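Subject: Structure handover

Hello,

Here is the model for your set. Please load it first, then read the notes below.

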Amino acid sequence: MTSTRGSADLADDWTRQRSRLRRALRRVDVFFLLVCTVVGLDTIGSVAAHGPQGLTWMVVLAVVFFLPYGLLVAELGTAFPLEGGPYVWTKLAFGRFVAGVNQVLYWVTNPIWIGGSLTVVALTTFRSFFVDLDPFWTHVAGLVFVWASVLAVASSLRVGKWVPTAGGLARVVLLGFFTVSVVIYGLRNGFQPLHAHEFAPTYPGFVALVPALIFNFVGFELPNTAAEEMTDARRTVPFAILRSGLASFLLYGLPILGILLVVPADRIGGLGGFVDACKTVFTVYGGSVAPDGTVTLTGWGQVFGMICAGGLIIGVLTSGVGWAMGAHRAQAVACADGAGPRWLGEFSAKRGTPVRINVLSGVLASVVMVLALDLSGGDAEKYFSAVLALTISTTFISYVVTFPALLVLRRRMPDVPRPFRIPGGTAGVTAVTALTTGLVAFTVATLIWPGLGVGWFGTGGNPDDSLPSGFAGQRFDYTLTQVVPLAALLVLGTAFQLAGRRTR
């Protein structure tokens, strides 16, 4: 009797929560949300740092991952257009416990990312184009960045949706202006020579590049976390994925090529690669590049540099906001469903957003930022590498569970209407599931153990060369930065399940 009454109460509570949702996402809003979330400006430098073969592997992964991934989300998102998206798909396929723990990994990635690599990119950009900051003001600026994202996500969707829209437009303008400036710079000063053999793909290059490249390509499922807030999810999702996918590929590829053409290979860094390239090409409007590579901007060069720096900071901020809008909603749905503390599943009656999850995420992001800045000893490159790797691995572990839901649900619920179906029947669905799941699983393995497979079976190369920037000769230290937090997050996911048991 108690269990039945509890289930009824839970159902009534979710009905009340659902009544607070507002259908505010139109097709154009979803397009810009996807451009904002898929085109992450924090990883462009990481790909360019590996040279021209980064473009080669980008094209390869666009075919074997990006396309299948888009097909997967298009089918699941149109067949099951329910608030919570990936959480609901995983629950239908594998049950509440697996879905609940998995959802915690998916959600907590966002505060780690915002407090980690996004904050350090914003701070690095601010120092490069505006003014340097001492440690105290670095922490203050970081907290301002984190809580600005919390406020944006906490606002109603009718207002908050304009944040990723602004971010999408900022990307188009910023990356478009950068590309034009590269052409002008090259015509005046010449381009860095790129040789055909540099585009040849190698396994060590693949192992080093696959995390950043695939991370660049994910985010299609985020609008589905707000499926019941779209005007027409079944019609919107496939078109938005197609259009934003094409736009994202160009918005990544052209800037990476531009960096390679204007910045000497030995000066491209994972953290500052894009920022350094912007400063270099903007010298065509005023400024100079010293023989040692030091860039000085003057006149209009400095003006354009500061404008684009502001655009870059807005771009990384809106990346975090876009992901948070989706991940926080999915976690709130999971909690309301009994896969976490019920009080965290509350949607604001006034705003229709999960304010409690938003605030908790802001606290976690602040803790990540403060701890990482202090533990890294001010080494921004090291801080950036460790947190970005943890962000990617946490996200991809959740995908290892979510992606197979496509195949399971196609077999278990064959009669559910599917406005979009992956062609090829069972063989097509199996191929899409295997490609996407296999690649994200391999990526997780290479992040936990960089250089996996390098030097095996008599092949050349040293696996330690694949360690991220700042961790040369420190494999054990790097491994701890990944394994310990992942174990803690799995414990957190289990704790959420226990906390939600009484409300199921």
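L406, L407, R410 and R411 of helix α16 meet G425, T426, V429, T430, V432 and T433 of helix α17. Contact here means heavy atoms within 4.5 Å. Helices (H or I, at least four residues) and strands (E, at least two) are DSSP runs, numbered from the N terminus. By class, this contact of α16 with α17 holds four nonpolar, four polar and two charged residues. Ala, Val, Leu, Ile, Met, Phe, Trp, Tyr, Cys and Pro count as nonpolar, Asp, Glu, Lys and Arg as charged, and the others, Gly among them, as polar.

The geometry: α16 (residues 405-412) and α17 (residues 425-448) pack at about 155°, with axes 8 Å apart. That makes α16 roughly antiparallel to α17. Angles under 35 degrees count as roughly parallel, over 145 as roughly antiparallel, 65 to 115 as roughly perpendicular and the rest as oblique. Axes are lines fitted to C-alpha atoms, for helices over the stretch in contact, and angles run from 0 to 180 degrees between N-to-C directions.

Some ground rules. This is a predicted model: local features need pLDDT of at least 70, side-chain atom pairs count only at pLDDT 80 or more, and totals for chains, interfaces and linings use all residues. Residues are numbered from 1 along each chain as its sequence is written, and side-chain values use heavy atoms, with hydrogens and water left out.

Whole chain:
- The chain has 18 helices and two strands.
- Of its 504 residues, 57% count as buried (under 20% relative accessible area, with exposed over 50% and partly exposed in between; 1.4 Å probe, protein chains only).
- Among contacts with a separation of 6 or more, 82% come from residues 24 or more positions apart.
- The accessible surface of the chain is about 19500 Å², and carbon and sulfur atoms hold 68% of that (Shrake-Rupley method, 1.4 Å probe; for residues, only the protein chains shown count as cover).

Next, helix α13 (residues 299-336). Helix α9 (residues 162-189) packs on α13 at about 140°, with the axes 8 Å apart. The two are therefore oblique to each other. Their crossing is left-handed (the near helix is turned anticlockwise from the far one by less than a right angle; clockwise would be right-handed). On the α9 side, the contact uses V163, P164, G167, A170, R171, L174 and F177. On the α13 side, the residues include F304, C308, G311, L312 and M325. The classes are 11 nonpolar, five polar and one charged.

T165 also sits in α9. At 7% relative accessibility, T165 counts as buried. Beyond neighbours within four places in sequence, T165 is in contact with D29 and F32.

Helix α6 (residues 96-129) also meets α13: their axes come within 9 Å and cross at roughly 170°. That makes α6 roughly antiparallel to α13. This contact has 20 nonpolar, eight polar and no charged residues.

G100 lies in α6. G100 is buried, with a relative accessible area of 0%. Setting aside residues up to four places away in sequence, G100 touches Y87, A339 and Q497. G100 and G493 are 393 residues apart in sequence, yet 6.9 Å apart C-alpha to C-alpha.

Y87 belongs to helix α5 (residues 86-94), whose buried residues are P86, Y87, V88, W89, T90 and A93. G95 follows α5, with a positive phi near 100°.

Best regards
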